[in-house]
Amino acid sequence: MTKRVLSVGQCVPDTNSLVHFLTSHFDVEIDQSDVEADTLEKLKQNPYDLVTVNRKLDADYSDGIELIRKIKSLPEIKSSYFMLVSNYPEYQDEAVEAGAEYGFGKNEYENPETVSRLKPYLG
């Protein structure tokens with residue numbers, strides 16, 4: 001069964017890399033969102049199996065962890081799993097504290113552990 005992913009805040013090259021990585025390993029359909037308002041609207045209208053959030057949203061450089069906190073506090077948003085896209089473990093820890101699952105960095109796409117980390121949500 002095809003899983004749905006919402007990719008939030010990636011620049012075009014990073015979006016292409018993420019889409020290639022995810023579609024190479026999983027049966028997924030990927031939607032994209034650039035800013036908070038669009039993200040909230042998509043989450044209100046659609047169920048997603050996983051939402052990947054860039055640490056700093058490319059369009060306005062807003063904080064991805066703060067966006068996760070906000071989304072998690074909104075009862076009208078359907079439950080989804082969130083992962084931060086960041087190479088920095090300290091930000092991954094902060095995202096987990098905000099309610100996300102431990103995510104992955106852009107430098108980890110070739111790492112088999114990254115695929116294993118995603119299997120419970122997309123496998």
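**View 1. Y88 sits in the loop between β4 and α4 of this predicted model.** Helix α4 covers residues 89-97. Y88 is partly exposed, with a relative accessible area of 43%. Y88 and G105 are 17 residues apart in sequence. In space, their C-alpha atoms are 7.3 Å apart.

**View 2. The largest nonpolar core has 18 residues.** The residues with the most contacts inside this core are V8, L43, V51, V53, I68, I71 and F82. Five elements each supply at least two of its residues: β1 (3-8), α2 (36-45), β3 (50-54), α3 (64-72) and β4 (81-85). Helix α3 gives the most, with 4 residues. A second, separate core has 16 residues. Among them are L22, I30, V85 and F104.

View 3. Setting aside residues up to four places away in sequence, L43 touches L6, Y48, V51, I71, I77, K78, S80 and F82. S80 is 37 residues from L43 along the chain. The C-alpha atoms of L43 and S80 are separated by 8.6 Å.

**View 4. T52 belongs to strand β3.** T52 is buried, with a relative accessible area of 0%. Which residues beyond its sequence neighbours does T52 contact? Leaving aside those within four places, the partners are V5, L6, S7, V8, L18, M83, V85 and F104.

**View 5. Q10 lies in the loop between β1 and α1.** Helix α1 spans 12-25. Is Q10 buried or exposed? Q10 counts as buried, at 5% relative accessibility. Beyond four places in sequence, Q10 is in contact with T15, L18, D34, N54, D58, V85 and K106.

**View 6. The largest pocket has a volume of about 190 Å³.** Its lining holds 14 residues. N54, R55, K56, V85 and K106 lie nearest the pocket centre. The lining divides into 5 nonpolar, 4 polar and 5 charged residues.

**View 7. S73 is found in the loop between α3 and β4.** S73 is exposed, with a relative accessible area of 52%. A polar atom of the S73 side chain lies 2.7 Å from the backbone oxygen of K70. This pair qualifies on distance because a polar contact needs N or O atoms within 3.5 Å. S73 and E90 are 17 residues apart along the chain. Their C-alpha atoms are separated by 22 Å.

**View 8. Y61 has a positive phi of about 60° although it is not a glycine.** Y61 is placed in the loop between β3 and α3. What is the relative accessible area of Y61? The value is 55%, and Y61 is exposed.

**View 9. G123 lies in the segment after α5.** Helix α5 spans 112-122. G123 is exposed, with a relative accessible area of 70%. Not counting residues up to four places away in sequence, G123 touches K3, F26 and L118. K3 lies in β1 (3-8). D27 is 96 residues from G123 along the chain. The C-alpha atoms of G123 and D27 are separated by 7.8 Å.

Methods. Residues numbered from 1 in each chain as written. Predicted model: local features only at pLDDT ≥ 70, side-chain atom pairs only at ≥ 80, totals over all residues. Heavy atoms only, no water. Core = buried A, V, L, I, M, F, W, Y, C linked by side-chain atoms within 4.5 Å. Buried < 20%, exposed > 50% of the residue type's maximum accessible area, 1.4 Å probe, protein only. Contact = heavy atoms within 4.5 Å. Polar contact = N/O pair within 3.5 Å; in protein donor to acceptor, adjacent residues only side chain to side chain. 1 Å grid on protein atoms, 1.4 Å probe; cavity = no way out; pocket = protein on both sides within 12 Å on 5 of 7 lines; lining within 4 Å. Points joined across faces, edges and corners; volume = space filled by probe spheres on them. Nonpolar A, V, L, I, M, F, W, Y, C, P; charged D, E, K, R; others polar.
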